[in-house]
Amino acid sequence: MTTIVDGTTGITFPSTIGGTSAVQQYSSKVLQIVQGTYSTQTSMTGTTATATGLTATITPTSATSKILIKVYIPAYNASASTNAYYIIYRNGSSLQQLAYYQTSDTGSNPLIVPYNAIYYDSPATTSATTYAIYAVGVTGGTHYWAFGNLQCSITLMEIAG
C-alpha cells in the first residue's frame, strides 16, 4: 500500500475497500477565496446594530471546512467620546462581536482608523453561507464606515478541515 504526499494536492490514501479509487484528503489548505467590497461612505447614530453593506457569500465544498474571515474597514467616529464595534452575521444571525475601537475628533482633519479583524468560523454546511458586517455604536455620536468613500472589504477563505 502506497501513500502519496504532494504539497500541491494534499495526501492521497489508496483505497482498501473493494478496489474503489484513491481518496484525496486535504488538511489546512485554502480551497477557495471570496471577497466582498463596499465603498460608499455611510454613517449611523445610535446603538442599534446597522448593516454596513459589507457582505460576501461562500459555498463550502465540505461540511468540515473552516472559513477564515478577514475584515477591513476605514472607520471614523465624529466625536472623541464615541466608540463602536462590529458584529459578523452568518446567514442573518449574529455570529461574533469584533473588537471595540475609538477615534479622536480632529475637526477638519478626521483621523481615519483602519479597522482590521480576523475570525475563524466552522459553519458545518455545504450550502451557500453569507457573512455580513454590522456596526454598533456604543456611546452615541455619529459613526462612519467607508469614510471618504475608501473601500471596505470582507475576505472569506475556505480552509480544508
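Predicted model: local features only at pLDDT ≥ 70, side-chain atom pairs only at ≥ 80, totals over all residues.
Biologist: Fine. Which residues does Thr52 touch?
Modeller: Leaving out residues up to four places away in sequence, Thr52 touches Tyr38, Tyr86, Ile133, Tyr134, Ala135 and Trp145.

Biologist: Where is Thr52, and is Thr52 buried or exposed?
Modeller: Thr52 sits in strand β6. Its relative accessibility is 2%, so Thr52 counts as buried.

Biologist: What does Tyr134 touch?
Modeller: With residues up to four places away in sequence not counted, the list is Ala49, Thr50, Ala51, Thr52, Tyr85, Tyr86, Ile87 and Tyr89.

Biologist: How far is Tyr134 from Thr48?
Modeller: From C-alpha to C-alpha they are 9.5 Å apart in space, while in sequence they are 86 residues apart.

Biologist: Let's step back. How many helices and strands are there?
Modeller: The chain has 0 helices and 13 strands. Along the sequence, the pattern is β-β-β-β-β-β-β-β-β-β-β-β-β.

Biologist: What share of the chain is buried?
Modeller: Of the 161 residues, 35% are buried. The chain exposes about 8300 Å², and carbon and sulfur atoms supply 51% of that area.

Biologist: And contacts along the chain, how many join residues at least 24 apart?
Modeller: Among contacts between residues at least 6 apart in sequence, 75% do.

Biologist: Now the inside. How many residues are in the largest nonpolar core?
Modeller: That core has 23 residues, and those with the most contacts inside it are Ile73, Tyr86, Ile154 and Leu156. The elements giving two or more residues to this core are β6, β7, β8, β10, β11 and β13. The largest share, 5 residues, comes from β7.

Biologist: Why would nonpolar side chains be found together?
Modeller: In soluble globular proteins, nonpolar side chains tend to be buried together.

Biologist: Back to Ile73. What does Ile73 touch?
Modeller: Beyond four places in sequence, Ile73 touches Leu54, Tyr86, Val113, Pro114, Tyr115, Ile133, Trp145, Ala146 and Cys152.

Biologist: What about a second core?
Modeller: A second, separate core has 5 residues, including Tyr85, Ile87, Tyr89 and Val136.

Biologist: Change of topic: how many aromatic pairs are there?
Modeller: The structure holds 5 aromatic pairs. One of them is Tyr76 with Phe147, whose ring centres are 4.7 Å apart with the planes at 40°, so the pair is tilted.

Biologist: Which parts does that pair tie together?
Modeller: Tyr76 lies in strand β7 and Phe147 in the loop between β12 and β13, so the pair ties together parts 71 residues apart in sequence. Tyr76 and Phe147 are both buried.

Biologist: What else pairs with Phe147?
Modeller: Tyr144 and Phe147 form an edge-to-face pair, 5.4 Å centre to centre with 70° between the planes. Tyr144 is buried too. Ring pairs link Tyr76, Tyr144 and Phe147 into a cluster.

Biologist: Last one. Where does Asn91 lie?
Modeller: Asn91 is in the loop between β8 and β9. At 47% relative accessibility, Asn91 counts as partly exposed.

Biologist: Which residues does Asn91 touch?
Modeller: Apart from residues up to four places away in sequence, Asn91 touches Ala128, Thr129 and Thr130. The C-alpha atoms of Asn91 and Thr129 are 6.1 Å apart, though the two are 38 residues apart along the chain.

Technical notes: Residues numbered from 1 in each chain as written. Heavy atoms only, no water. Core = buried A, V, L, I, M, F, W, Y, C linked by side-chain atoms within 4.5 Å. Buried < 20%, exposed > 50% of the residue type's maximum accessible area, 1.4 Å probe, protein only. Helix = DSSP H or I, 4+ residues; strand = E, 2+ residues; numbered from the N terminus. Contact = heavy atoms within 4.5 Å. Phe/Tyr/Trp six-rings, centres within 6.5 Å; stacked < 30°, edge-to-face > 60°. Areas by Shrake-Rupley, 256 points an atom, 1.4 Å probe, with all protein chains shown as cover.
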